[in-house]
Amino acid sequence: MARSLLDQAARTHGGRVIAALAAKFRDLDLAEEAFAEACLNAAQAWPAFGAEGGGEPRDPAAWLYSVAQRRALDMLRRRGVRTRLVPDPPQPPPSAEDAMIDDARLIPDERLRLIFVCCHPAVAPDARAALTLRLVCGLSTQEIARAFLVAEPTLAQRLVRAKRKIAEAGVAFEVPGPEAWPERIGAVLSTLEIAYAKAHEDAAGAGQHAGYAKEMLDLTAVLADLLPDEPECLAFAALVRYAEARRPARLDEGGAMTPLSEQDPALWRRPLIDQAEALLHAAARRRHPGPRQLQAAIHAAWCSRASLDEPPPWPTVLALYDALLTWRDDAVVRLNRAVAVAEVSGPALALAEVDWLDSVAFRDFGPFHAVRADLLARLGRDGEALAAYDRALALDPAPAERLWLERRRGRAAHP
Amino acid sequence: MQYALLIYEDETVYRDENGRAWREIIAQHEAFAAELAEKGLIRGGAGLKTANTATTVRRGAGQCGLHDGPFAESKEQLGGFYLIEVPDLDAALAWARKLPMAGDGSVEVRPVIDGTT
């Protein structure tokens, strides 16, 4: 009982507590270790709360923070003992009363600062997202390893190296000054994009990324709040909200993925769409366009659909993809654009564009084969369509995507 | 924290007929060093003669051998360094950005071992 409560509290508050500790002590390892010790203390102390011998303090985050802070000071003192030989008076574990008093204290929200540390250009790009997910979102090494398709020891080593680099290179535990934002915010947003893409891929929201989709809503809100003059930050916060707003409509009753154009807008979460719209408008008022604003605008075009009776906004979507290409001419944008081309100008032209893309780079990219399969099927080239569906299915799609692909494949096999 | 700013650049850009490019970059380095000194940040540094003046002692398998050139043959060569004392990496990077350089090149920013780590 206390165990699961504690796990939940650690998961929910870990990011904030670790960020506050890291900001205070300027040492990521110390912050992590102290937080882990506080969790151990909590496992013993928390059953004492509540009437029936099980519960948690009123403000678990503040409790964990104040205990971890004490543990960190102990650790620093112990380190000092080794070099200065000063005796270290043992500290008793916090009593329930201590914790009650501590409840009143507020934890400063230092997550943004920690994000800037984790996403510093001095940190290897392949470690930035992992480190952010570990420290700020509280994901386990195992979960992150699975999300990035790397072996757990490899990922653990990457994290160790990144933390060592931050400590040894003297990365500042500060949100950088505005003069450094263009470069630094770019790194932060790219990192969060990678992190969010992992959460978004999973249409069912049941996989290991379910927790951090919510965390991303939180983090992007913090980012937008603290950097209200950075339109790309606002736009990214909008994008995450548009995408999360549609989550309830992404699966049909059979558990298969529902493509965007077939999703029932009645199922979308209106409050999130409203938030997203406000953010995107605020971004537009800065009159400083950028790729994330265009991506958010594509989401906005979809989310402006009131019901399935309205035609899908394909022409608008295509025009926005054309504009996006001037910012970000990469294969994934071109692939997504081709889907819109198929609706506006027909599948033949779309297929020509898709086949023009680098098929080597896309060899193991499921969506590429899924898009090709769909276009081939619409052109009546069923044999090739089946082969393409098989390629997509062989790449281990998530269960909801698999069901949808199998259904489409079935249709191509028995037209 | 102390950082070394290691300057790698193509030294041929300073090899013009009348030595003007060379005099110009030296003057710029003097101004740069003076700014660091004025702020009390400079701890050392040196400009190096061109890479063709280098002799390298190579050690391998317990043997020493001599090589009549720099450690690595490449277009960009180590041409000098500054040793500065600043609060953190970002401050060091900001100085590395300001460092004078006539053509393309790189400034490697390396923290200095301070005896406590």
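1. In this predicted model, A:Leu279 touches A:Ala224, A:Leu234, A:Ala237, A:Ala238 and A:Arg241, once residues up to four places away in sequence are left out of the count.

2. As to its setting, A:Leu279 belongs to helix α12 of chain A, which covers residues 270-285. A:Leu279 is classed as buried because 26 other C-beta atoms lie within 10 Å, where 20 or more are required for that class.

3. Turning to chain B, the secondary structure consists of two helices and six strands, and these elements follow one another along the sequence in the pattern β-α-β-β-β-β-α-β. The C-alpha atoms of chain B, taken along the principal axes, fill a box of roughly 45 × 45 × 20 Å.

4. Chain B has 117 residues, of which 14% are buried. If one considers the contacts within chain B between residues at least 6 apart in sequence, 75% of them join residues that are at least 24 apart.

5. Where the two chains meet, six residues of chain B are in contact with eight residues of chain A. The side contributed by chain B comprises, by class, three nonpolar residues, one polar residue and two charged residues.

Conventions:
Residues are numbered from 1 along each chain as its sequence is written. Chains are lettered from A and ligands numbered from 1 in the order in which they are written. This is a predicted model: local features need pLDDT of at least 70, side-chain atom pairs count only at pLDDT 80 or more; totals for chains, interfaces and linings use all residues. Helices (H or I, at least four residues) and strands (E, at least two) are DSSP runs, numbered from the N terminus. A residue is buried if 20 or more other C-beta atoms lie within 10 Å of its own, exposed if 12 or fewer, and partly exposed in between; C-beta atoms are placed from the backbone. Two residues are in contact if their C-beta atoms, placed from the backbone, lie within 7 Å. Ala, Val, Leu, Ile, Met, Phe, Trp, Tyr, Cys and Pro count as nonpolar, Asp, Glu, Lys and Arg as charged, and the others, Gly among them, as polar.
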